[in-house]
Amino acid sequence: FEVTGANLPTGTWRIDLPAAATPATPATPASPWETRWLVPGSASSNGASTSGISNAITLALDDVPELLEREPNEGESDGVTVAWPIIANGRIGKAGDRDHWFVDAKKDQQLVCDLQAQRWGSPLDAVLTIHNAAGQEILRADDGPNGSPDPQARIKFPSDGRYRISVSERFASRGGAAFAY
């Protein structure tokens, strides 16, 4: 995963879990798969050790395979075909960016998409769409339950075939390094 912010070391930053970390107090995860850890102070860019304990970092842990998006994937025929279940990680890297993922599905097979961005501190106001092989939009999700800007969608595929799942920013003028999902 990627950690961004001020006063971080350059290069690779290793975090050993759970051996070199202790659960944060109070340990009240938002879900059974989320854990909060206090990470020991890291080395500064000049090699000297910082003292004490860093701020808490929240990590989502799961046993489902994860995949990072590959650029370019803005074109409707670009993107990666994924086998599900999977956690697909991406970023709306610039204004107007759109990420595409492809899944092969059978008629009546069901898929749940739970896009997580703002829950993890991303400014992304995501829109999730699903298109059939003919390019017709068959599902659009702009917000999640209770007004959350993170869309959730459940689909029962209408026929066998390849489907394109697209992720974009609701406001076409927004995007950048922080717009991760």
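Partly exposed, as the term is used in these legends, describes a residue whose relative accessible area falls between the buried class, under 20%, and the exposed class, over 50%. The views below are taken from a predicted model.

**View B. The antiparallel pairing of strand 7 with strand 12.** Strand 7, which runs over residues 98-105, and strand 12, which runs over residues 161-169, are joined in the antiparallel sense by 8 bridges. Within this pairing, valine 103 has tyrosine 163 of strand 12 standing opposite.

**View C. The salt bridge between arginine 162 and aspartate 104.** The closest N and O atoms of arginine 162 and aspartate 104 are 3.0 Å apart.

**View D. The salt bridge between aspartate 142 and arginine 170.** Here the closest N and O atoms are 3.2 Å apart. Because aspartate 142 lies in the loop between strand 10 and strand 11 (152-156), while arginine 170 lies in the segment after strand 12, the pair ties together parts that are 28 residues apart in sequence. Aspartate 142 is partly exposed, at 26% relative accessibility, and arginine 170 is partly exposed as well, at 45% relative accessibility.

**View E. A salt-bridge network that joins Asp114, Arg119 and Asp150.** The three residues belong to one network because their salt bridges share partners, as a salt bridge here requires a side-chain nitrogen of Lys or Arg within 4 Å of a carboxyl oxygen of Asp or Glu. In the bridge between arginine 119 and aspartate 114, the closest N and O atoms are 2.5 Å apart. Arginine 119 counts as partly exposed at 40% relative accessibility, and aspartate 114 is partly exposed with a relative accessible area of 37%. A search of the whole structure finds 7 salt bridges.

Conventions
Residues are numbered from 1 along each chain as its sequence is written. This is a predicted model: local features need pLDDT of at least 70, side-chain atom pairs count only at pLDDT 80 or more; totals for chains, interfaces and linings use all residues. Side-chain values use heavy atoms; hydrogens and water are left out. Two strands pair if DSSP finds at least two bridges between them. Helices (H or I, at least four residues) and strands (E, at least two) are DSSP runs, numbered from the N terminus. Buried means under 20% relative accessible area, exposed over 50%, partly exposed in between (1.4 Å probe, protein chains only).
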